[in-house]
Amino acid sequence: MAGAYVLLQFGSDPFSHRFEDLESRPAFTVKTVHVTPNSVVQVAREAEWSQQHRDIMGPCNAYLYFGPSMSRGFLVYGNGTEVAMANHIRQKKDASTSRYFTTQHGKEMKWRVSPQKMECVDGRTTIATWELSQPEDIFCARLTIKHAGLSVVTEILTTLALNRMAMALGWQT
């Protein structure tokens, strides 16, 4: 992919893992920051990586607030307003594996979701691809983001994490 950025995922737990670029710079961290009474997960963009890319826009973090027994709750980008998690993993057709979300700027995007590979699509253009690694790799997955995705990179990582969490929790969307 020309004009693309590769992030390697270390850790397979959807609620706790990190991404590094190919130069081993921390790029994003997904971690549970609170568990009682309800879980809160933070998706944080790391300054060391984002300072390398002047086209990165948007908030540097997001928080996912789960309901009781890890039910769907809401998420918040930076200091923004609450958005229902269900709005970021919308399904338009019953049999579809695609999950839709609307960016903070009002643009609808979708993830084509499967356990082994996910693609984030803006219209007809794939802007990010997440793929599980091979058994011989030292990392768990690879995320490739096209340059056009940098303006919504935190939203891409947040919705990727949310889709993985929804699969792990068995949520019916």
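**A tour from hairpin to core**

Begin at Gly-123, which adopts a positive phi near 70° in the hairpin of E10 and E11, where two residues lie between the strands. The model is a predicted one.

Next, select strand E10 (residues 117-122) together with strand E11 (residues 125-132). E10 and E11 pair in the antiparallel sense over six bridges. Within this pairing, Asp-122 is found opposite Thr-125 in E11.

Then turn to the largest nonpolar core, which has 40 residues. Select Phe-28, Leu-64, Trp-111, Leu-143 and Leu-157, the members that touch the most other members. Helix H2 (residues 153-169) supplies the largest share of this core, eight residues.

Centre the view on Phe-28. Leaving aside residues up to four places away in sequence, Phe-28 has contacts that include Leu-7, Phe-19, Val-43, Trp-49, Val-153 and Leu-157. Arg-18, Arg-45, Glu-46 and Thr-154 are also among the residues that Phe-28 touches.

Finally, select the cysteines. How many disulfides does the structure hold? The structure holds zero. A disulfide requires cysteine sulfur atoms within 2.5 Å. For Cys-60, the closest cysteine sulfur belongs to Cys-120 and is 20 Å away, so the two are too far apart for a bond. Cys-60 is partly exposed, at a relative accessible area of 41%. Cys-140 is likewise partly exposed, with 26% relative accessibility.

Terms used. Residues are numbered from 1 along each chain as its sequence is written. This is a predicted model: local features need pLDDT of at least 70, side-chain atom pairs count only at pLDDT 80 or more; totals for chains, interfaces and linings use all residues. Side-chain values use heavy atoms; hydrogens and water are left out. Buried means under 20% relative accessible area, exposed over 50%, partly exposed in between (1.4 Å probe, protein chains only). A nonpolar core is a set of buried Ala, Val, Leu, Ile, Met, Phe, Trp, Tyr and Cys residues joined through side-chain atoms within 4.5 Å. Helices (H or I, at least four residues) and strands (E, at least two) are DSSP runs, numbered from the N terminus. Contact means heavy atoms within 4.5 Å. Two strands pair if DSSP finds at least two bridges between them.
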